[in-house]
Amino acid sequence: MRRSTELRLPRTLDAARRARRFTTEVCAKWRVPALAPDAVVIATELVENTLRHTHATPRLGLELHRDQLTVKVTDDDPREAVIRESGYPPGLGLLLVAQTSEQWGCDREPAGGKTVWATVR
């Protein structure tokens, strides 16, 4: 069975907090609370990256298929998400997403923009 849900987040200072709460609640509802800690880290970083590097409104999506949870954030900015190794303290942004997830990527949306996603098991 495949489950999915999405939350449009405001461009406000509490967007990351809302993303954490939503992710935690969905993991509990879907009975995969063990996935919540890593999923929360990923959701937080992806939402904060959207707010920091674009003028877009982030849409946080969660999808569960078997034992794999995909966390994704979609925005209207066409620029690809890449890990920046210089200029950021270690352990922040996409570097943290890459370290926390099983895999991650960035896909262009047909209507414009992109979706950055990461999976955890």
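Me: Leaving out residues up to four places away in sequence, which residues does Met1 touch?
Reply: In this predicted model, Met1 touches Leu64, His65 and Arg66.

Me: What's the C-alpha separation between Met1 and His65?
Reply: Their C-alpha atoms are separated by 6.3 Å, while along the chain the two residues are 64 residues apart.

Me: And where does Met1 sit relative to strand 1?
Reply: Met1 belongs to the segment before strand 1, which covers residues 2-8.

Me: Buried or exposed?
Reply: Met1 is exposed; its relative accessible area is 75%.

Me: Where is Arg66, then?
Reply: Arg66 is in the loop between strand 2 and strand 3. With a relative accessible area of 69%, Arg66 is exposed.

Me: What about phi at Arg31?
Reply: Arg31 also has a positive phi, about 65°, and is not a glycine. Arg31 sits in the loop between helix 1 and helix 2, and with a relative accessible area of 73% it counts as exposed.

Me: On to those helices. At what angle do helix 1 and helix 2 pack?
Reply: Helix 1 (residues 15-29) and helix 2 (residues 36-53) pack at about 150°, and their axes are 9 Å apart. Angles over 145 degrees count as roughly antiparallel, so that is the label for helix 1 and helix 2.

Me: Is the crossing of helix 1 and helix 2 right-handed or left-handed?
Reply: The crossing is right-handed.

Me: Which residues make the contact?
Reply: Helix 1 contributes Ala15, Ala16, Ala19, Arg20, Thr23, Thr24 and Cys27. From helix 2 come Ala36, Ala39, Val40, Ala43, Thr44, Val47, Glu48 and Leu51.

Me: How many of those are nonpolar, polar and charged?
Reply: The contact of helix 1 with helix 2 has ten nonpolar residues, three polar and two charged.

Me: Change of topic. How many salt bridges are there in the whole structure?
Reply: A search of the whole structure gives ten.

Me: What does Arg121 pair with?
Reply: Arg121 forms a salt bridge with Asp67, and the closest N and O atoms are 2.7 Å apart.

Me: Which parts does that pair tie together?
Reply: Arg121 is in the segment after strand 5 (114-120), and Asp67 is in the loop between strand 2 (59-65) and strand 3 (68-75), so the pair ties together parts 54 residues apart in sequence. Asp67 is partly exposed, at a relative accessible area of 44%.

Me: Where's the partner of Lys72, and what is the N to O distance?
Reply: The side chain of Lys72 meets that of Glu63 in a salt bridge, at 3.7 Å from N to O.

Me: How do Glu63 and Lys72 count for accessibility?
Reply: Glu63 counts as buried because its relative accessibility is 19%, and the cut-off for buried is under 20%. Lys72, at 27%, counts as partly exposed.

Me: What about Arg18?
Reply: Arg18 forms a salt bridge with Asp14, with the closest N and O atoms 3.1 Å apart. Arg18 has 35% relative accessibility and counts as partly exposed.

Me: Which residues are linked in a network of salt bridges?
Reply: Asp75, Asp77, Arg79 and Lys114 are linked in such a network.

Definitions and conventions: Residues numbered from 1 in each chain as written. Predicted model: local features only at pLDDT ≥ 70, side-chain atom pairs only at ≥ 80, totals over all residues. Heavy atoms only, no water. Axes fitted to C-alpha atoms, helices over the stretch in contact; angles between N-to-C directions. Helix = DSSP H or I, 4+ residues; strand = E, 2+ residues; numbered from the N terminus. Parallel < 35°, antiparallel > 145°, perpendicular 65-115°, else oblique. Left-handed = near helix turned anticlockwise from the far one by under 90°. Contact = heavy atoms within 4.5 Å. Nonpolar A, V, L, I, M, F, W, Y, C, P; charged D, E, K, R; others polar. Salt bridge = Lys/Arg side-chain N within 4 Å of Asp/Glu carboxyl O. Buried < 20%, exposed > 50% of the residue type's maximum accessible area, 1.4 Å probe, protein only.
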